Amino acid sequence: MRSKWHTAYELVRYTGYSFLDYDGANGTIWLKNPKDRSVMFLNDLLTEEEMDHTTDSLFESADTISNQAGFDVGTIYCIHMAEGGTRRKRKSDGLKIIHRSVSDMGKLIRNPFFRLDMKYKKAKDDDYYQRRLMGQHPFEKYMIKFTPMTYLLISINLIIFLFNFAAVRFSDSYLLTNALALSHFNVVSGEFYRLLTSSFLHVTIDHFLFNIFALYILGKFTESLYGKFHLLIAYCLTGMLSSLFSLMFVIEGISLGASGAVYGLLGIIIVHLLVHGRINLKLIIQIALIFVLISVFAQLFANINHFAHIGGLVSGVLLGVVFNPKRFGSKWFFGSFAMLIILAVISYFVMTSKDSSQPFDDMAMEHIEKGEYEEALKIANEALRSGNGTATTYHALGVLSEHAGERERAESYHEKSYELDPSNEYAAEYRLIQLRKQRDYEGMEDVFSQLDTKNIKDEGLKLLAEEYNE
């Protein structure tokens with residue numbers, strides 16, 4: 001038979017109960033469950049006379065127990081850790097008191113994961129369970145809880161990371177990264193799923209481990225406070241809003257990682273601690289350290305989207321208000337809900353008002369400028385395989401073919417590039433150079449007619465335009 005401290009610990013871990021108090025005089029452990037408006041105490045076996053006396057005392061102390069629990073208690077479960085099937089119930093003035101003797105925790109905890117846990121896990125000393133239960137630190141309190149949604153989110157992140165890591169390391173393929181990462185060009189083109197999928201995508205081991213460590217702590221805290229479906233909504237919603245917010249400012253390249261959603265969870269937790277008056281100097285320092293650690297470690301990664309962090313934190317704070325309607329009242333609730341919608345709408349319209357280029361084209365051209373032709377070829381081919389080929393992609397392939405001495409193939413790529421988009425500056429510049437060599441001025445005029453000559457960005461193309469106008 002498991003001890004009452006072990007039983008109390010597992011009840012707190014797998015059910016909605018949390019530690020309330022310990023009466024050392026008679027060895028009674030008190031737990032509470034606000035959602036069920038119930039409290040539970042665990043003790044050793046009592047005689048029938050002792051049960052009657054305890055029941056009378058509990059009815060007399062009902063108001064005191066409710067005040068200590070922080071809610072109007074409707075049911076008190078008196079669990080006696082002993083053999084036998086004793087079960088007694090009395091009700092008076094809306095309060096039920098139920099006595100029950102149990103020798104097996106499985107009769108109290110129906111969670112299937114608990115049974116699996118008990119099958120393989122060794123019991124620890126009572127001092128361990130007592131220390132964990134009576135710890136008053138908020139993070140310690142919620143770290144005990146069994147949080148399946150947190151584990152599910154971590155598992156999804158892990159599976160995607162392993163597939164992507166294997167593809168990059170062993171097959172030299174960035175297909176999954178290209179398909180799931182956040183980029184302004186792709187989202188504006190209609191691939192809105194990237195707002196969410198990028199929150200599950202990581203490339204490097206250190207990036208993955210850091211984000212998952214933060215998700216483990218903040219996810220368990222959020223799920224313990226609000227439940228598994230609230231955590232799922234929080235992770236997905238703050239992840240998407242942080243991505244959308246960032247696209248107002250970051251229009252080049254790609255970004256990925258769970259940090260936007262992690263900042264969202266941090267925002268929710270800060271609101272909870274503030275509204276429940278659980279902020280103290282020690283906790284403020286620890287929260288500040290989390291911010292500092294996230295920022296410092298973030299600098300180790302090549303592509304840091306700080307705007308996503310800001311968007312995640314802001315949306316998390318707003319969602320924290322929405323998750324506490326009774327504490328804030330209807331005005332704050334509807335105001336915060338409206339602000340979430342406004343944030344999404346403003347982000348969308350600002351995002352779609354800006355132009356951007358295919359991020360993999362930018363990467364390929366950067367490699368070409370550095371003379372890293374093999375890397376450029378891999379990225380250009382990856383863009384074609386993933387269906388993201390553009391005029392710039394074919395231009396890059398044309399330049400690479402020229403470098404390899406394959407002139408006919410290069411010409412076909414450049415022709416394809418210009419056919420796809422006559423206004424593309426890379427394609428137009430190459431075509432103009434060829435036409436100038438042939439002294440085909442009419443052809444050059446046709447090319448310039450397809451361009452907005454007042455807003456040319458490429459310096460070489462600008463010179464060609466100035467030379468032609470002279």
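**View 1: W30 and F41, two buried rings.** Both W30 and F41 are buried, meaning under 20% relative accessible area, with over 50% called exposed and anything in between partly exposed (1.4 Å probe, protein chains only). This is a predicted model, where local features need pLDDT of at least 70, side-chain atom pairs count only at pLDDT 80 or more, and totals for chains, interfaces and linings use all residues. Residues are numbered from 1 along each chain as its sequence is written, and side-chain values use heavy atoms, leaving out hydrogens and water.

View 2: Rings of Phe, Tyr and Trp (its six-membered ring) pair if their centres lie within 6.5 Å; planes under 30 degrees apart are stacked, over 60 edge-to-face, and the rest tilted. That rule gives 21 aromatic pairs. Y9 and Y128 make a tilted one, 6.2 Å centre to centre with 55° between the planes. Y9 sits in helix 1 (residues 4-14) and Y128 in helix 5 (residues 126-134), so the pair ties together parts 119 residues apart in sequence. Helices are DSSP runs (H or I, at least four residues), numbered from the N terminus. Y9 counts as buried at 6% relative accessibility, while Y128, at 21%, counts as partly exposed.

**View 3: The two sides of helix 23.** Within helix 23 (residues 441-449), look for G443, M444, V447 and F448, which are buried. Seen down the helix axis, these buried residues fall within an arc of 140° (taken from the directions from the axis to the C-beta atoms), so they line one face. E442 and S449 are exposed on the other side of helix 23.
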